[in-house]
Amino acid sequence: MLNRFVQTICIPGALSADYVARFTAPTNCTLVHVSAYCTTQDATLRIGTADDDDAYLAATTITNADDTELDLDDFVDDVYPRIEEGDVVLVTVGHGSNCVDFTCVLTFNEG
C-alpha cells in the first residue's frame with residue numbers, strides 16, 4: 001500500500017501580484033491529484049521546478065467559485081509527475097484580476 005501525503009497552500013485575501021510557493025520534496029514521490037479553489041476572479045496555476053515553472057502542470061485556469069480538480073489528463077504529457085527526494089517544487093499562482101482566497105491541495109504518493 002502506498003503512503004499518501006498532501007501539501008496545502010492557502011493564500012487569504014486578495015492577490016495583487018503573482019505568488020510562488022516553494023517546498024522541498026521530503027521523499028521520492030509522485031503527484032497524483034491537485035484540487036484548487038478561489039472565491040472571486042480567476043487565477044492561473046502552474047506546478048514545476050525552478051528551471052521550468054510548468055514542468056508538471058502547464059498554466060491552468062482556476063475558475064472563481066468553482067472547485068477545480070486536476071489529475072492524470074491535466075499533467076504535462078498525461079503522466080503523473082515523478083519527483084525525487086530533495087527536489088524543489090514551485091507552485092505558481094497567477095493573480096489574474098484580483099483573485100481572492102486561493103487554496104490549493106497537492107496529493108502525492110510516497111515512494
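This is a predicted model: local features need pLDDT of at least 70, side-chain atom pairs count only at pLDDT 80 or more; totals for chains, interfaces and linings use all residues.
**Close-up views of an all-strand model**

View 1. Asn3 sits in the segment before S1. Which residues does Asn3 contact, leaving aside its neighbours within four places in sequence? They are Phe108, Asn109 and Glu110. Take Glu110: Asn3 and Glu110 are 107 residues apart along the chain, yet their C-alpha atoms are separated by 5.3 Å.

**View 2. Here's the whole chain, built from nine strands and zero helices.** Follow the sequence and you'll read the pattern β-β-β-β-β-β-β-β-β. The radius of gyration is 13 Å, close to the 13 Å from the globule rule for 111 residues, so the protein is as compact as a globular protein of that length. Along its principal axes, the C-alpha trace spans about 40 × 25 × 25 Å. Now think about contacts with a separation of 6 or more: 77% of them join residues 24 or more positions apart.

**View 3. Zoom in on the largest nonpolar core, a group of 28 residues.** Val34, Leu45, Ile47, Val91, Phe102, Cys104 and Leu106 have the most contacts inside this core. Which strands each supply at least two of its residues? Look for S1 (4-14), S2 (19-24), S3 (29-37), S4 (43-48), S5 (57-62), S8 (88-94) and S9 (100-110). In soluble globular proteins, nonpolar side chains tend to be buried together. Across the protein, 39% of the 111 residues count as buried.

**View 4. Val91 and the residues around it.** Not counting residues up to four places away in sequence, Val91 touches Ile9, Tyr19, Val20, Ala21, Phe23, Leu45, Arg46, Ile47 and Leu106. Spot Leu45, Ile47 and Leu106 in that list: along with Val91, they're among the residues with the most contacts inside the largest nonpolar core.

**View 5. Ala58, a residue of strand S5.** Is Ala58 buried or partly exposed? Its relative accessible area is 35%, so Ala58 is partly exposed. Ala58 touches Leu45, Arg46 and Val76, not counting residues up to four places away in sequence. Gly96 is 38 residues from Ala58 in sequence and 16 Å from it in space, C-alpha to C-alpha.

**View 6. The surface and the charges.** The accessible surface comes to about 5,800 Å², and 45% of that belongs to carbon and sulfur atoms. The protein carries 4 positive and 19 negative charges, and their mean positions are 6 Å apart.

Terms used:
Residues are numbered from 1 along each chain as its sequence is written. Side-chain values use heavy atoms; hydrogens and water are left out. A nonpolar core is a set of buried Ala, Val, Leu, Ile, Met, Phe, Trp, Tyr and Cys residues joined through side-chain atoms within 4.5 Å. Buried means under 20% relative accessible area, exposed over 50%, partly exposed in between (1.4 Å probe, protein chains only). Helices (H or I, at least four residues) and strands (E, at least two) are DSSP runs, numbered from the N terminus. Contact means heavy atoms within 4.5 Å. The radius of gyration is taken over C-alpha atoms; the globule rule is 2.2 Å times the number of residues to the power 0.38. Accessible areas come from the Shrake-Rupley method with a 1.4 Å probe; for residues, only the protein chains shown count as cover. Lys and Arg count as positive and Asp and Glu as negative; His and the chain ends are not counted. The place of a charge is taken as NZ of Lys, CZ of Arg, CG of Asp or CD of Glu.
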